[in-house]
Amino acid sequence: MRADDLVHFCPPGRLIIGAGSRRQLPALLHRLGHRDGLLVTDAFFVGRTPWVDEYIEAARALGITTTVYAGGLPDPTTTLCDEATTAIRRDLDGRVLDHVIALGGGSNIDLAKALCLTMPEGRPIRDFIGDIGWARPLPLIALPTTAGTGSEATPGAILLDPSNATKVAVMDNALRPRIALIDPEYTVSCPPRVTAEAGIDAFTHAIESYLTIDSSDYDRAGHADPGYSGRSALTMLFAREAMRLALAWLERSYTHGGDIEARGGMAYASVYAAMSYGSAGLNAVHGIAYAVAGLTHKSHGSTNAVVLPYVLDALLTVRRTEMLEIARLFGIALDDPDGALREVPVRVRALVGRLGIATDLRAFGIAERDLDRLTEEALGVVRLAKALPLPDVAAAYRTIVRNAWAGRLSADAGLER
Ligand SMILES: NC(=O)c1ccc[n+]([C@@H]2O[C@H](COP(=O)([O-])OP(=O)(O)OC[C@H]3O[C@@H](n4cnc5c(N)ncnc54)[C@H](O)[C@@H]3O)[C@@H](O)[C@H]2O)c1
């Protein structure tokens, strides 16, 4: 317990975890009264796995009709969402849906979340960006196939706006899945690159939310039901265990994708990380990573990974106790606490490198002349910037971006921070 905490904890409606647990879904949906659904996925799952057909047959046997939309793409755009809305509504020909199922990584889950809003009336997704108003989205069942974004437990969907290549969010607690079903067997077919980048995303969610602003200091802007509200002892419980699991299993699942124990460990790491950041929120890693993605169009996980060590380095002093706990999880000797602290970002950077991801922004393809613009764009994501627990956030972002570009950590002797 932390006496100052102001807990506003918002998990998904049901959390079902276990190898093979996908087979429980048809009976559960039947029991909950669902009869007419939309399954949102992509060509890989329809063409290369038995999961879609198996689900549809088992659901049909219980009287549940399912329409399949397999047009999901990585980093879905607002245009994709609007086109999908029109096409699916045309196919349904007036039939009314009572649930949406997402099968896939964060991209398919986010597209499905957006469709939960647009399908009932056929309105464009831009009507819901920023604030969904009084809309009542369709209930969502999320079946993540990566470990992962944690979108199965969060209140938001991230979409790309093709008009200016920035990411926009639709966000409300009403968008949290009614059911998050995590079957680690879904992740076994993930190729190593997807495993590495999704896995470091999960680790980032855990560590970033573990160190973020306290719930007692979080600016809720008067919102009665905030999606994110700062860290508490409750979110930190999940974050700590998520970090431990990711450190135990991420590299193994990257190098030995068929190891079901490693896949299970990462499935738990991912959803535990989401149970932390899905209420605590995030800060500078994601804020700067969004700007890096805008410039490079590289994957969400890799843009987080390249920034993460340098944000940790900036937090060594203000999050000393927590950073020592992370050092302990890494197995760093604590007899020299200052040295142990400085070692944490070094170990994280080495992990990023072992996952085959560039460890500085220069190697990531960012030109030095773009650093000021990148910093300004990152600061423009105010919700994330405000949650960095440092007094001068603009100055901190400038330093972090410069250090990330040069690959400079405070442990690298004699270098300015
Ligand atoms: N809403 C949120 O809270 C939230 C949080 C973090 C990230 N995101 C979003 O999630 C997206 C990234 O998601 P992701 O990292 O899960 O990747 P992804 O969903 O973009 O998938 C990447 C590729 O991997 C394939 N793939 C996924 N699972 C597979 C499997 N089991 N076997 C074989 N191939 C598989 C997909 O078909 C796709 O081609 C980004 O758009 C990001 O913005 C959302």
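Colleague: Where does Asp 93 lie?
Modeller: Asp 93 lies in the loop between H4 and E4. Before we go on, the model is a predicted one: local features need pLDDT of at least 70 and side-chain atom pairs count only at pLDDT 80 or more, while totals for chains, interfaces and linings use all residues. Residues are numbered from 1 along each chain as its sequence is written, and side-chain values use heavy atoms, with hydrogens and water left out.

Colleague: What do the labels H and E stand for?
Modeller: They are DSSP runs numbered from the N terminus: helices are H or I runs of at least four residues, and strands are E runs of at least two.

Colleague: Is Asp 93 buried or exposed?
Modeller: Asp 93 counts as exposed, at 68% relative accessibility. Buried means under 20% relative accessible area, exposed means over 50%, and partly exposed lies in between, with a 1.4 Å probe and protein chains only.

Colleague: What is the phi of Asp 93 near?
Modeller: Phi of Asp 93 is near 50°, which is a positive value in a residue other than glycine. For Asp 75, phi is also near 50°. Asp 75 is placed in the loop between strand E3 (65-69) and helix H4 (78-92), and at 34% relative accessibility Asp 75 counts as partly exposed.

Colleague: Now the ligand. How many residues surround the ligand, and which are the closest?
Modeller: There are 25 residues around the ligand, and the closest are Asp 75, Gly 106, Ser 107, Thr 146 and Thr 154. A residue counts here if one of its heavy atoms lies within 4 Å of the molecule.

Colleague: Which side chains have an N or O atom 2.6 Å or 2.7 Å from an oxygen atom of the ligand?
Modeller: The 2.6 Å distance belongs to the side chain of Ser 107, and the 2.7 Å distance to the side chain of Thr 154. For the side chain of Asp 42, an N or O atom is 3.0 Å from an oxygen atom of the ligand.

Colleague: How much of the ligand's accessible area does the protein cover?
Modeller: The protein covers 87% of the 860 Å² of accessible area that the ligand has on its own. Such areas come from the Shrake-Rupley method with a 1.4 Å probe.

Colleague: Let us turn to the strands. Why is E4 described as largely enclosed?
Modeller: Strand E4 (residues 99-104) is largely enclosed by the rest of the structure because 6 of its 6 residues are buried. His 99, Ile 101 and Leu 103 lie on one side, with Val 100, Ala 102 and Gly 104 on the other. In a regular strand, side chains alternate between the two faces of the sheet.

Colleague: Which strands pair with E4?
Modeller: Strand E2 (residues 36-40) pairs with E4 in the parallel sense over 4 bridges, and Leu 38 stands opposite Val 100. E4 and E5 also run parallel, joined by 5 bridges, with Leu 103 opposite Leu 143. Two strands pair if DSSP finds at least two bridges between them.

Colleague: And what joins strand E5 (residues 140-144) to E8?
Modeller: E5 and E8 run parallel and are joined by 2 bridges; Ala 142 stands opposite Ala 180 in E8. Strand E1 (residues 14-17) is joined to E8 by 4 bridges, again parallel, and the bridge partner of Arg 14 in E8 is Ile 179.

Colleague: Which way do the residues of E8 point?
Modeller: In strand E8 (residues 179-182), Ile 179 and Leu 181 point one way and Ala 180 and Ile 182 the other way, and all are buried.

Colleague: One last item: what does the side chain of Ser 215 contact?
Modeller: The side chain of Ser 215 makes a polar contact with the side chain of Asp 5 at 3.5 Å. A polar contact is a pair of N or O atoms within 3.5 Å; within protein, one must be able to donate a hydrogen and the other to accept it, and residues adjacent in sequence count only if both atoms are side-chain atoms. The Ser 215 side chain also reaches the backbone nitrogen of Leu 6 at 3.0 Å. Ser 215 is found in the loop between H6 and helix H7 (233-255) and is buried, with a relative accessible area of 1%.
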